[in-house]
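Hello,

Here is the structure I promised to pass on. Have a look at it first, and then read my notes below.

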Amino acid sequence: MKQKIFASIGAGVIGYSWALKFALAGWTVYAQNRTAASSETCKNRIEESMETLVKNGVLTEEAAKAALDRIHYTTSIQEAVQHADFIQESSREDYETKHALVKEIEKYAPAEAVIASSTSGLLITEIAKPAIHPERFVGGHPYNPPHLIPLVEITKGDRTADWAVDKAKAVYTSIGNEPVVLNKEALGFICNRLQMALYREVANLVLEGVCSVEDADKAVVFGPGIRWGILGPSAIFELGGGAGGVSGLMNHLGPSIDLWLNDMADWKSFPEQWARTAQEGVNEEIARRPAEIGNTKESLQAYRDHMLIELLKLHGKL
């Protein structure tokens, strides 16, 4: 069988992780950056993340080396995409940058290659505006870090073809992702909107003096968050509603829920003081954490990755 080839264009914080994910799945990978220095940073990130996987028992040293050997680093878009079966663009989040890349990628990419963008909220219709073949452009928004978190949100532009969505979904599924497809474009997609709705209420509770940043974080982690790591909110409510299921729960609690909703934040922008308040609260929260669960940014990231890996093992994803 022909070796599958993946191109990661703009292999920065997100793109390096995509390169690692596809290499772990057995693909030959081309990680492209604009400069040799950026390529070296990408290589270092990949090697560090691979070490974390080995340390946590996900990979053997031999498997890690084999995956690393499948990754090629380049500053040439032509070299990266000319034989690619699937292309993931993860460049800076603005239309001007992405338009320039769209033109450059299409000069060299095979006609059958799907081109996905990691955009966090830009519209695929607009990203693909200068494309000769806009039908093959999709959004493929991951959650950071993509090599660990399985979710990817597939979005369509006005001219995206169904075959491109189907191929993207099949490719992501084949490497262990859990793709969800948006039936129409929405700013921020699904998960960014959900997490910002929750975070708006976190900010509201703290600014209203109801709780601290740390206690709001604890409330999410050890309350709904721990359940959401197993089942989604509607499925959780199905269990919480007993014999009546989710509809029974909503009907039973409806009057109380209406009171909560009327008392909750409905701002259309975060208060100016929230960024400072949030940072001060998080700094205090991290400083109080035991060293074994991360009390610096670096150790906190290592703890996050370890816990993600353990949870993914339970889900059968690693």
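Two strands count as paired here if DSSP finds at least two bridges between them. Please keep in mind that this is a predicted model.

With that in hand, let's start with the strands. Strand S1 (residues 5-9) and S4 run parallel and are joined by four bridges. Phe 6 has Phe 86 in S4 as its bridge partner. S4 is also joined to strand S5 (residues 114-117), again by four bridges and in the parallel sense; there, Ile 87 has Ile 115 as its bridge partner. Together with helix H5 (residues 95-108), S4 and S5 form a right-handed β-α-β unit.

Which residues of S4 are buried on each side? Phe 86 and Gln 88 are buried on one side, and Ile 87 and Glu 89 on the other, so both faces of this strand (residues 86-89) are covered, given that buried means under 20% relative accessible area. In a regular strand, side chains alternate between the two faces of the sheet.

Now to the charged side chains. The count of salt bridges comes to 13. One of them joins Arg 288 and Glu 214, at 2.5 Å from N to O. Arg 288 belongs to helix H13 (residues 274-288) and Glu 214 to helix H9 (residues 213-221), so this pair ties together parts that are 74 residues apart in sequence. Arg 288 is exposed, at 53% relative accessible area, whereas Glu 214 is buried, at 12%. Both belong to a network of salt bridges that also takes in Lys 218.

Two further pairs may interest you. Asp 94 and Arg 92 meet at 2.7 Å, N to O, in a salt bridge; Asp 94 is partly exposed at 21% relative accessible area, and Arg 92 is exposed at 61%. In the salt bridge between Arg 304 and Asp 305, the closest N and O atoms are 2.8 Å apart. Here Arg 304 is partly exposed, with a relative accessible area of 34%, while Asp 305 is buried, with 10%.

On the surface, there is a nonpolar patch made of Leu 259, Trp 260, Leu 261 and Met 264, with about 450 Å² of accessible area together. Leu 261 sits in helix H12 (residues 245-263) and is exposed, at 53% relative accessible area.

Best wishes

Note on methods:
Residues are numbered from 1 along each chain as its sequence is written. This is a predicted model: local features need pLDDT of at least 70, side-chain atom pairs count only at pLDDT 80 or more; totals for chains, interfaces and linings use all residues. Side-chain values use heavy atoms; hydrogens and water are left out. Patches are made of residues with over 30% relative accessible area and no salt bridge: like charges are joined within 9 Å, nonpolar side chains (Val, Leu, Ile, Met, Phe, Trp, Tyr) within 5 Å. Accessible areas come from the Shrake-Rupley method with a 1.4 Å probe; for residues, only the protein chains shown count as cover. A salt bridge is a side-chain nitrogen of Lys or Arg within 4 Å of a carboxyl oxygen of Asp or Glu. Helices (H or I, at least four residues) and strands (E, at least two) are DSSP runs, numbered from the N terminus. Buried means under 20% relative accessible area, exposed over 50%, partly exposed in between (1.4 Å probe, protein chains only). A crossover is right-handed if, with the strands pointing away from the viewer, the path from the first strand over the helix to the second runs clockwise.
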